[in-house]
Amino acid sequence: MQTFPFSTYLTTNAGLEPEAVENIIANQKKLHVEKGQFLLREGEICRQFFYVEKGLLRYYSIDKKGKEHIIQFAPEGWFVGDRESQFFNRPSQFFIQALEDSDVAMIDEDLICTISKADETFGVFSNQLLHNHIRQLQHRINMLLSATAEERYLDFIKIYPDILLRVPQTLVASYLGITPESLSRVRKDLAARNFKG
């Protein structure tokens, strides 16, 4: 399993100098969570969002019938959190749970402000990160509303190339909004077409 430290993310993606990054994150809180442990439960207020350095998290809701709906997987190098709860101080409707033993960096508004003061270009990067998150959510909504099960599955593979090897098929089906049986049929049809091709 690979590890992608938050410091590496800041130097490679945000363009910050390593020395500046070390000073910024010197007091940053990190957390090790065991498989099955929750970072957020429905009804709690999300005080920070999380960056996955190692491991895998899932962000999901449970409807009134008890059915789970996975909104996002968060493997190494991904951020996850309930922005509505965090920024509007509202009880969350979601859960964040570790699917593997995971190491996460905890990121709150104070840390974002500290980094932005240390390097003004980070404010621009942070804004781009937020807009990218919105873009991904819009794409996800559009796929759920208009794409076929096969199209959703192929899109899933592009976004999460290694998740199929790390989670049960039932969780992938939950993310895709289809039954595990439908997912099995999609995979079988694709395999048959590829074999013929």
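1. Gln-97 has 11% relative accessibility and therefore counts as buried (under 20% relative accessible area; exposed is over 50% and partly exposed in between, with a 1.4 Å probe and protein chains only). Gln-97 belongs to strand β7, residues 95-98. Strands here are DSSP E runs of at least two residues and helices are H or I runs of at least four, numbered from the N terminus.

2. The model is a predicted one, in which local features need pLDDT of at least 70 and side-chain atom pairs count only at pLDDT 80 or more, while totals for chains, interfaces and linings use all residues. Residues are numbered from 1 along each chain as its sequence is written, and side-chain values use heavy atoms, with hydrogens and water left out.

3. What does the side chain of Gln-97 join in a polar contact of 2.8 Å? The partner is the side chain of Arg-58. A polar atom of the Gln-97 side chain also lies 3.1 Å from the backbone oxygen of Gly-36. A polar contact is a pair of N or O atoms within 3.5 Å; within protein, one must be able to donate a hydrogen and the other to accept it, and residues adjacent in sequence count only if both atoms are side-chain atoms.

4. Leaving aside neighbours within four places in sequence, Gln-97 is in contact (heavy atoms within 4.5 Å) with residues including Phe-38, Leu-56, Leu-57 and Tyr-60. Phe-38 stands opposite Gln-97 in β7, and β2 and β7 pair in the antiparallel sense over 2 bridges. Pairing requires that DSSP finds at least two bridges between two strands.

5. β7 is part of an open sheet of 4 strands, in the order β2-β7-β4-β5, with antiparallel pairing. At the edges are β2 (38-40) and β5 (68-74), each pairing on one side only.

6. Strand β3 (residues 49-54) has 5 of its 6 residues buried, so the rest of the structure largely encloses it. β3 runs antiparallel to strand β8 (residues 102-107), and 5 bridges join them; Val-52 has Val-104 as its bridge partner in β8. With strand β6 (residues 79-80), β3 pairs in the antiparallel sense over 2 bridges, and Phe-50 stands opposite Val-80 there.

7. Helices α4 (residues 109-118) and α5 (residues 120-146) have axes that come within 5 Å and cross at roughly 130°. Axes are lines fitted to C-alpha atoms, for helices over the stretch in contact, and angles run from 0 to 180 degrees between N-to-C directions.
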